Amino acid sequence: MEFKIDLHIHTIYSDGTMEPVDVVTKFKDEGYDIIAITDHDGIGGIREAQIAGKALKIEVLPGIEFSSEYVRDGRMTELHILGYRIDPSNERLLRKCEFLKATRADRNVRMLARLREMGYDISEKDLPKKPGDYIGKPDVVRALLAKGYELEDPFALLEGIPRERISTEEAIEIIREAGGTPVLAHPFKIRELSPREEGFRDRLDALLRDLKKLGIRGLECFHPSANHEESLMLVELAEKYHLNMTKGSDFHGDKEPLRKR
């Protein structure tokens with residue numbers, strides 16, 4: 001029996017636009033058997049989604065998506081690490097999520113201050129009130145647009161305001177300690193590997209070889225960022241390193257939020 005699955009879904013608890021219950025209802029209505037809630041750096045939407053999943057008879061896996069930094073030979077690569085079947089009550093996981101929430105809040109203060117220095121009339125009261133208090137760059141951009149500012153590239157205004165990320169090693173370790181399976185997300189979105197340039201496969205191969213040693217257990221082979229041929233290439237690499245293969249839409253809402261591509 002073949003199951004219809006989507007293992008990469010965001011809710012309003014991160015940068016998605018839909019409540020967990022509405023997300024689960026949507027995927028149930030579309031005939032899905034198994035989905036995973038993988039909000040960025042947080043687990044706030046899992047409980048609501050699983051309650052809805054139980055009522056609607058669709059399996060909802062508890063997950064997360066960590067933004068991480070992998071450093072090798074003095075060079076940094078931003079990697080997103082998905083975690084599946086995690087224990088949402090794991091203490092180390094909870095502590096790290098709270099830490100990341102605080103660092104994001106600090107960055108938001110700095111982003112708003114920069115915008116005001118540039119002449120934009122915006123403050124915290126203009127930002128949306130969301131469960132879990134997750135506010136990201138897309139929320140700030142939407143707030144600017146809602147105030148009537150016409151901006152050709154609003155995300156450019158927010159460049160160079162970093163927030164602290166955990167290391168890839170720590171992300172994998174936390175997921176495994178919480179009983180989960182760590183998976184490398186959307187390889188064709190890893191900018192530092194230059195996915196559309198010659199030699200990408202070799203660069204990704206070398207990265208997977210290193211990540212395998214660190215405990216990575218899966219590769220997101222099917223994602224909107226990869227076409228059919230590219231997905232088959234990822235399948236070959238997953239088989240080479242004996243990694244689980246996953247599929248996810250990276251769903252953020254029926255009305256897709258503003259996100260930097």
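Helices (H or I, at least four residues) and strands (E, at least two) are DSSP runs, numbered from the N terminus. The structure is a predicted model, in which local features need pLDDT of at least 70, side-chain atom pairs count only at pLDDT 80 or more, and totals for chains, interfaces and linings use all residues. Residues are numbered from 1 along each chain as its sequence is written, and side-chain values use heavy atoms, with hydrogens and water left out.

Helix α1 spans residues 20–29, and its buried residues are Pro20, Val23, Val24, Lys26 and Phe27. Viewed down the axis of α1, these buried residues fall within an arc of 160 degrees, so they line one face of the helix. The arc is taken from the directions that run from the helix axis to the C-beta atoms. An α-helix has 3.6 residues a turn, so residues three or four places apart point the same way. Contact is defined as heavy atoms within 4.5 Å. The buried residues of α1 pack against β1 (5–9), β2 (34–37), α2 (46–56) and β3. Just after α1, Gly31 adopts a positive phi of about 85 degrees.

Lys26 belongs to the buried set of α1. Its relative accessibility is 17%. Lys26 forms a salt bridge with Glu30, and the closest N and O atoms are 2.6 Å apart. A salt bridge here is a side-chain nitrogen of Lys or Arg within 4 Å of a carboxyl oxygen of Asp or Glu. Glu30 is partly exposed, at a relative accessible area of 36%.

Gly45 sits in the loop between β2 and α2. Gly45 is buried, at 0% relative accessibility. Leaving aside neighbours within four places in sequence, Gly45 is in contact with Thr11, Tyr13, Pro20 and Asp39. One of these, Pro20, is also among the buried residues of α1. The C-alpha atoms of Gly45 and Glu19 are separated by 8.0 Å, with the two residues 26 apart along the chain.

A nonpolar core is a set of buried Ala, Val, Leu, Ile, Met, Phe, Trp, Tyr and Cys residues joined through side-chain atoms within 4.5 Å. The largest such core has 37 residues. Within it, Phe66, Leu93, Leu184, Leu204 and Leu207 touch the most other members. At least two residues of this core come from each of β3 (59–72), β4 (75–84), α3 (91–117), α5 (168–177), α6 (200–214), β7 (218–222) and α7 (228–240). Leu207 is in contact with Tyr70, Leu79, Leu184, Ile190 and Leu193, leaving aside its neighbours within four places in sequence. Another core lies apart from the largest one. This other core has 15 residues, among them Ile122, Val140, Leu144 and Phe155.

The structure holds 25 salt bridges. Glu173 pairs with Arg92 in one of them, with the closest N and O atoms 2.6 Å apart. Glu173 lies in helix α5 and Arg92 in helix α3, so the pair ties together parts that are 81 residues apart in sequence. Glu173 is partly exposed, with a relative accessible area of 44%. Salt bridges that share partners join Arg92, Lys96, Glu170, Glu173 and Glu177 into one network. Asp139 forms a salt bridge with Lys130, the closest N and O atoms being 3.2 Å apart. Both Asp139 and Lys130 are buried.

Lys101 is found in helix α3. Lys101 is partly exposed, at 36% relative accessibility. Leaving aside neighbours within four places in sequence, Lys101 is in contact with Gly132 and Asp133. The C-alpha atoms of Lys101 and Asp41 are 7.7 Å apart, although 60 residues separate the two along the chain.

Most residues other than glycine have a negative phi. Asp133 has a positive phi, near 60 degrees. Asp133 lies in the loop between α3 and α4 (137–146) and is exposed, at 56% relative accessibility. His242 also has a positive phi, near 55 degrees. His242 is found in the loop between α7 and β8 (244–247). The relative accessible area of His242 is 68%, and the residue is exposed.

A disulfide is a pair of cysteine sulfur atoms within 2.5 Å. By this rule the count is zero. Cys97 is buried, with a relative accessible area of 8%. Cys221 is buried too, at 0% relative accessibility.

Conventions:
Buried means under 20% relative accessible area, exposed over 50%, partly exposed in between (1.4 Å probe, protein chains only).
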